[in-house]
Amino acid sequence: MAETAPSLERGLSLTQATAINMIDMVGIGPFITLPLIVGAMRGPQCILAWILGALLAFLDGSVWAELGAKWPMAGGSYVFLQKVYENRFGKMMSFLLVWQTLIQAPLVVASAAIGFSKYLTYLVSLDAIQQKIVSGALVILVTILLYRNIKSIGKISVLLWIITGGTFLWLIGSGFRHFNPHWAFTFSKDAFDLTPIFFVGLGQASLKTVYSYLGYYNVCHLGGEIKNPDRNIPRAIFLSVGGIAILYLGMQIMISGAMPWQQIASSNFIISTYFQQLYNPFVAKIATALILIIASSSLFAVMLGYSRIPYAAAVDGNFFKVFAKVHPKKNFPYISLLFMGGLGFIFSLLFKLTEVITAILTMRIIVQFVGQSSGVLYWHWKKPKDIRPYKMWLFPLPAIIGIIIWLFILFTSPWVYIAGAAGIIIAGIIIYITIIEPQKARSLAEARSI
């Protein structure tokens, strides 16, 4: 009797899925982008960018929730784009998603590792080369930690989220004692002048808040490993977005009430500075150590989710077969994980943090976020009677408004990154038309002739 090939296991509960989402969303992002956001908006009105980021996460989360509940499979967007379009265009879009993921996902891994090494310099003096060594070593360590069964990963994720949530509560609670409403809520006369400069500043600040919210969809990448996915995937998305939005807004308000916005915008270690100002240098070092644990947690969740996309494409026959391999005993896609870890390691040695953050988001907007939201609209129009385990509230408004906000963020980004994103898409289309599609046609013809 032939042995059954190992497959993914539905071992993640709602609590564990939500924890994975939330530690992915937080990471190092808000702690390194907060000064950039304040500087872009030039004052406490930067809270608008955090609200816009939360709104977009809820709107786009509605799209992911509907698709994730309908098709709870490994790979997330790779599966969704094929299912909603169901034609040659859908296959090309799903290929473009994998094509971008090969570059973008390791960039996300690198951003967390680079942010970790940067914050570590508050505790230990490191030169540029030593920081690169630390970031590369962290990627290797997290890859080793992920080399295990999904059930044990779920338990680790809950522990990491307890540390993350506890740190935020400590940060917010500490601010009440020394809160200065004048700093937090006093705006300059021109703060809300609706000029082109205001909107460019809001767009660039929102790009960074959206980066800090990214990860609310990670549960969809793990769709094949979630228990009761038709209910738990939507719940995990909205619980994580709501919880993180409250924590981010509380963090921004409390830090704005602790020091002038000019000091916030110029700080390289804003959380460490905040705790040092409220307490003393020793407490600031403890807080910094917790931030480093949170950064590691995010890297853990990011690599876990993204490793499932090349795996899903390979299982579907649209990517190299080796990526479809599942560990014979631990039941996880180990080749895909090792690839993400390896390329993330290389990127962490090559790039700077600010470059990585902007590139990550602009690269994904058209194919993944706008393409997916447009796909939901097309799917409703094409198949209105399809069974939908979860249907977004106020359809189609969340998808339409989400598309508008995504495009606003894209077109207020520096043109170099827009051109780079367009170049990657065009290159992917050329590869698909000239190599992938003909190869599929030959494989199909050979199968029919047998």
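Analyst: A crossing is left-handed if the near helix is turned anticlockwise from the far one by less than a right angle, and right-handed if clockwise. This is a predicted model, in which local features need pLDDT of at least 70 and side-chain atom pairs count only at pLDDT 80 or more, while totals for chains, interfaces and linings use all residues. Residues are numbered from 1 along each chain as its sequence is written, and side-chain values use heavy atoms, with hydrogens and water left out.

The part considered here is helix 3, residues 47-70 (helices are DSSP runs of H or I, at least four residues, numbered from the N terminus). Helix 3 packs against helix 18, residues 397-411, with the two axes 9 Å apart and an angle of about 130° between them (axes are lines fitted to C-alpha atoms over the stretch in contact, and angles run from 0 to 180 degrees between N-to-C directions). Helix 3 and helix 18 are therefore oblique to each other (under 35 degrees is roughly parallel, over 145 roughly antiparallel, 65 to 115 roughly perpendicular, and the rest oblique). Their crossing is left-handed.

Helix 3 also contributes Glu66 to a salt bridge with Arg388, at 3.6 Å from N to O (a side-chain nitrogen of Lys or Arg within 4 Å of a carboxyl oxygen of Asp or Glu). Arg388 belongs to the loop between helix 17 (353-382) and helix 18, so that this pair links distant parts of the chain, 322 residues apart. Both partners, Arg388 and Glu66, are buried (buried means under 20% relative accessible area, exposed over 50%, partly exposed in between, with a 1.4 Å probe and protein chains only).

The loop that holds Arg388 also takes part in a salt bridge between Lys383 and Glu86, at 2.6 Å from N to O. Because Glu86 lies in the loop between helix 4 (77-85) and helix 5 (88-120), and Lys383 in the loop between helix 17 and helix 18, the pair ties together parts that are 297 residues apart in sequence. Glu86 counts as exposed at 51% relative accessibility, and Lys383 as partly exposed at 29%. The count of salt bridges comes to two.

Leu48 is another residue of helix 3. At 31% relative accessibility, Leu48 counts as partly exposed. Together with Ile51, Phe185, Phe187 and Phe192, Leu48 makes a nonpolar surface patch of about 440 Å² (patch residues have over 30% relative accessible area and no salt bridge; like charges are joined within 9 Å, nonpolar side chains, namely Val, Leu, Ile, Met, Phe, Trp and Tyr, within 5 Å; areas come from the Shrake-Rupley method with a 1.4 Å probe, and for residues only the protein chains shown count as cover).

Methods:
Helices (H or I, at least four residues) and strands (E, at least two) are DSSP runs, numbered from the N terminus.
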